There are 2 protein chains.
Amino acid sequence: MSIIVQKFGGTSVADAEKIARAARRAIRTKLAGHQVVMVLSAMGKTTDHLVALANEVNPDPPQREMDMLLTTGEQVSISLMAMAISAAGHEAISFTGGQVGLVTDSAHTKARIRSIDAQRIHSQLDAGKVVIVAGFQGITEEGAITTLGRGGSDTTAVALAAVLQAAECEIYTDVDGVYTTDPRIVPQARKMNYISYDEMLELASLGAGVMHSRSIEFGKKYNVPIHVRSSLTDAKGTFIVAETPGMEQIVVRGVTLKRDLARVELVGVPNEPGLAARIFARIAEHNIVVDDIIQNVYEQGRKANIGFTTTLADVKEARVLCQQLCNELGIRDVETDENVAKISIVGIGMKTHTGVASRMFKALGEAKINIQNISTSEIVIGCLIDKKDGEQAVRLLHEAFELDKAPANNE
Amino acid sequence: MSIIVQKFGGTSVADAEKIARAARRAIRTKLAGHQVVMVLSAMGKTTDHLVALANEVNPDPPQREMDMLLTTGEQVSISLMAMAISAAGHEAISFTGGQVGLVTDSAHTKARIRSIDAQRIHSQLDAGKVVIVAGFQGITEEGAITTLGRGGSDTTAVALAAVLQAAECEIYTDVDGVYTTDPRIVPQARKMNYISYDEMLELASLGAGVMHSRSIEFGKKYNVPIHVRSSLTDAKGTFIVAETPGMEQIVVRGVTLKRDLARVELVGVPNEPGLAARIFARIAEHNIVVDDIIQNVYEQGRKANIGFTTTLADVKEARVLCQQLCNELGIRDVETDENVAKISIVGIGMKTHTGVASRMFKALGEAKINIQNISTSEIVIGCLIDKKDGEQAVRLLHEAFELDKAPANNE
């Protein structure tokens, strides 16, 4: 009998009616002959409410106590779900993270999973019950309650699917899958049937919500088929799976736009070994988020311009810090630009297809969209452009790579 | 260094301000040279809110899941309290019932404590921390979360005080102690400085709120000094302690009035061995609450009248049941009266003083208050009277036994 893990996010368990709907879905899956493990987030805005309560009491609460507080949200969801399944005449049992032996390190608020004791879940499944596990939470060897950080419930679901050797890990959400780009920008955006772990990882890190990078990494590492789908319909969503040879037929899988970026440019940096390291060590000390780093040398390699992107929230502090660095390290100047956006195309097909970058640059160039910085990785090409050109660029590239057309092999 | 256990009820931790006030109290106690263990209930109306949520999902929820749900309330309180103490610059650590090894049987929603592992608390106290424990909850040997039923947080506090050999268990509440009677009925009612466990047990069972019987039983068994006091002031409240010889000087400690009672009278019962047992077994089968039972025989012991009191909620069902019993057992008639109240006087001094009952009957008789049934135990005399006479009777007896006057030995 195959095991299906079903993860429901906060919006999918936001009230009694939605809980009942999720319960019916689990029961249908069970009646179809599967063993079902549900992983739940906290209901709707519960976590926000708890964070607000904590801030009233202490603006800088101890992280251990924050974990103690926030984990109550998932505990409420799982008990209500067990009650809902029971009300529908089926057997269910709820478990906290600690109760299923989801052991983590002791890094409160961002703990990492060390081990999961699958036995307790297997024995309840074998007894015919739907097993309901609190997402986002674990326990240390010493018994302290921890949380897994952003996207933690997805990580719980995928990790459980891995140790239970589940046939599938279903991620229920309020969208019906992963799209070629944001449908609010491009109405022709198409829901994908399949996407590889690596592509999904890039999409996630480029700001396409749906799932958090860490859970996808977990899925890739243990080869867990992940199915992102809507909690409102029975339609299939998007399967996140290992790369297959057929997938490379599709050169570009999606287009993303990352706003809220700012560019910082250090101009005229003496190009000496170790200087870049000193610069970015100092920036890291101040917890400034750095996205791409691009360096070009000139004057026969004696000088360099070093550019990096950061968030709008961090740019002011970054500028002050870089001005100090100018004085200390003999850098000529620092420039910042708060009106930038990053447009990226993602696709494992790039590994074997040529001319992808030039097609991208041509499409942008024909529309007179100026490219500031370019960064590439094996399956991503990203361009920093003017913020005002962002949405137009998404539409152009979506069309240029014909992303609205379903691929021939239905992938 | 002596240990003080401080228990705060739901109204005393109802919002951020009240949490901060309770935190300051614990810190003051610590700075005065004590080790402090706090036991908390859920904030304000949290439990009611959770019960309502459960009922939306399932009108008859599984008890295990109810415990899973309700215990989140105390977990929220303890984490916020630890944050509040930390905000005030002191160290604190919160623990769920399971984390302090409060092991119970598996009777969900009304579990009984089997053992508590004191070591974990001692080591944190010795490290200089205020230890904050979730009231009302425990864990089974198998790791399932349980609750202790009504008044459970008081029981947790008194049990912890017992195993930690605390100098005192302070119960903080919204009244400033235990009164000789309800001050809303008798403005002259006096806050007692001391009361014995047995007297407090009788007061609790006679409907004087403040504390639940089970926690007082625990205090008596392990001789834990309990101090019931207000969370709003620094004034001393009432100490619940073991009986001392001096205590017997006070003949009557308090007067209670129990309303919402009904009387059922079986008239003309054939007085045969085993008949009463058959009657009350049948009543128990239907979960009808029975308070006092009084039987008088007549016709040279051949006939008996058997009266009992029950709640207004149960009396209709009790009447139907008793009419069936009349037919089956040859009982002549059944009468019910829904307009009764029970007035009781409580005091360990009764054990050694005579004439207490006659003083009570005289006071009632002079005011033309008719006594229906009388029941007595070693330290209680209770009379069933007309409901309309209830409050007047309380005032009369409070005055007759001079309860407004402080005892000479200040007890």
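**The sheet and the contact**

Reply: Chain A has an open sheet of 8 strands with mixed pairing, in the order S3-S6-S2-S1-S9-S11-S12-S10. It's a predicted model, where local features need pLDDT of at least 70, side-chain atom pairs count only at pLDDT 80 or more, and totals for chains, interfaces and linings use all residues. Residues are numbered from 1 along each chain as its sequence is written, while chains are lettered from A and ligands numbered from 1 in the order in which they are written.

Me: Why do strand S3 and strand S10 of chain A stand at the edges?

Reply: S3 (92–95) and S10 (194–196) of chain A each have a single partner strand, so one side of each is left without a neighbour in the sheet. Strands here are DSSP runs of E, at least two residues, and helices are runs of H or I, at least four, numbered from the N terminus.

Me: How do you know that S11 and S12 of chain A pair?

Reply: Two strands pair if DSSP finds at least two bridges between them. S11 (residues 226–230) and S12 (residues 238–241) of chain A have 3 bridges, in the antiparallel sense, so they count as a pair. A:Ile226 stands opposite A:Ile240 in S12(A).
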